[in-house]
Amino acid sequence: MNSKPAIPIRCTWPSNDLSIRYHDEEWGTPTHNDAKLFEFLILEGAQAGLSWDTILKKRENYRSAFGGFDPRKIARYDRRKIQSLMKDSGIIRNRLKIASAVQNAKAFLKTQEEFGSFDAYIWQFVGGSPIVNARRTAKQVPARTSESDAMSKDLKKRGFSFVGTTICYAFMQAVGMLNDHLTSCFRYAQLAPKSGRR
């Protein structure tokens, strides 16, 4: 008699098929691709004050509305384009957040030019390798750290917006700059490199 495959133990927050797939395949995976880093920067900013599930449901619409998250395209968006995006029900219709995406695209391109890649710039805040935490419960996960404080301060200095320390911490979690999977989660061991810093 065939037994059913065991259901993997996960972090507590994934609650539906979309968030489970995101958790299992993306969240916390070290990301060094500039296009993907920019996508998460925009999505985390859009998420401010909302649930991440809301953003995940609209992610494909965002990709379509924001030119595949190409910073060169977005940096050229003018007032008319922003106005048309305000009518797009597939995204978060918040003028400040939409204008922020345009501003951040311009700042992103400048940072890329200065450092050779956004990846080289952003990963310096964790010394180039993921910080491996050892959280046993969701209550142990902070909303900010000294690293996210430093990142937020520097991003703002470079002209980025919607990059408060809490948003920066969520970004760091998403792109694997730190491993905040609970120690009981099957992804924790998969993503905990021996060289990672604790």
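This is a predicted model: local features need pLDDT of at least 70, side-chain atom pairs count only at pLDDT 80 or more; totals for chains, interfaces and linings use all residues.

Q: How many residues of helix 9 are buried?

A: Nine of the 10 residues in helix 9, which spans 165-174, are buried, and the helix is mostly covered.

Q: Which ones?

A: The buried residues of helix 9 are Thr165, Ile167, Cys168, Tyr169, Ala170, Phe171, Met172, Gln173 and Ala174.

Q: What follows helix 9?

A: Gly176 follows helix 9, and its phi is positive, near 75°.

Q: Where is Phe69, and where is Phe162?

A: Phe69 sits in the loop between helix 3 and helix 4 (71-74). Phe162 is in the loop that runs between helix 8 and helix 9.

Q: Is Phe69 buried or exposed?

A: Phe69 has a relative accessible area of 2%, so it is buried. Phe162 has a relative accessibility of 28% and therefore counts as partly exposed.

Q: Switching to charges. How many salt bridges are there?

A: The count comes to 11 salt bridges.

Q: Give me one with Glu39.

A: Glu39 forms a salt bridge with Lys36, and the closest N and O atoms are 3.5 Å apart. Both residues lie in helix 2 (residues 34-47), where they are three residues apart, about one turn of the helix.

Q: Glu39, buried or exposed?

A: Glu39 counts as buried because its relative accessibility is 5%. Lys36 has 27%, so it counts as partly exposed.

Q: Which arginine also forms a salt bridge with Glu39?

A: Arg59 does, with the closest N and O atoms 2.9 Å apart. This pair links distant parts of the chain, since Glu39 is in helix 2 and Arg59 is in helix 3 (residues 52-65), 20 residues apart. Arg59 has a relative accessibility of 7%, so it counts as buried.

Q: And what about Arg63?

A: Arg63 forms a salt bridge with Glu39 too, the closest N and O atoms being 3.0 Å apart. Arg63 is in helix 3 and Glu39 in helix 2, so this pair ties together parts that are 24 residues apart in sequence. At 26% relative accessibility, Arg63 counts as partly exposed.

Q: Which residues do the shared partners join into one network?

A: Salt bridges that share partners join Glu26, Lys36, Glu39, Arg59, Glu60 and Arg63 into one network.

Q: Now helix packing. At what angle do helix 1 and helix 3 cross?

A: The axes of helix 1 (residues 17-25) and helix 3 cross at roughly 90° and come within 10 Å. The two helices are therefore roughly perpendicular.

Q: Which residues meet there?

A: From helix 1, Leu18, Ser19 and Tyr22 meet Trp52, Asp53, Leu56, Lys57 and Arg59 of helix 3. By class, this contact has four nonpolar residues, one polar and three charged. Arg59, which takes part in this contact, is also the salt-bridge partner of Glu39.

Q: What about helix 2 and helix 6, how do their axes cross?

A: The axes of helix 2 and helix 6 (residues 95-115) come within 10 Å and cross at roughly 150°. That angle makes helix 2 roughly antiparallel to helix 6.

Q: Is that crossing left-handed or right-handed?

A: The crossing of helix 2 and helix 6 is right-handed.

Q: And which residues are in contact?

A: On the helix 2 side they are Asp34, Phe38, Ile42, Gly45, Ala46 and Gln47, and on the helix 6 side Lys97, Ala101, Asn104, Ala105, Phe108 and Gln112. The contact of helix 2 with helix 6 divides into six nonpolar, four polar and two charged residues.

Methods: Residues are numbered from 1 along each chain as its sequence is written. Side-chain values use heavy atoms; hydrogens and water are left out. A salt bridge is a side-chain nitrogen of Lys or Arg within 4 Å of a carboxyl oxygen of Asp or Glu. Helices (H or I, at least four residues) and strands (E, at least two) are DSSP runs, numbered from the N terminus. Buried means under 20% relative accessible area, exposed over 50%, partly exposed in between (1.4 Å probe, protein chains only). Axes are lines fitted to C-alpha atoms, for helices over the stretch in contact, and angles run from 0 to 180 degrees between N-to-C directions. Angles under 35 degrees count as roughly parallel, over 145 as roughly antiparallel, 65 to 115 as roughly perpendicular and the rest as oblique. Contact means heavy atoms within 4.5 Å. Ala, Val, Leu, Ile, Met, Phe, Trp, Tyr, Cys and Pro count as nonpolar, Asp, Glu, Lys and Arg as charged, and the others, Gly among them, as polar. A crossing is left-handed if the near helix is turned anticlockwise from the far one by less than a right angle, and right-handed if clockwise.
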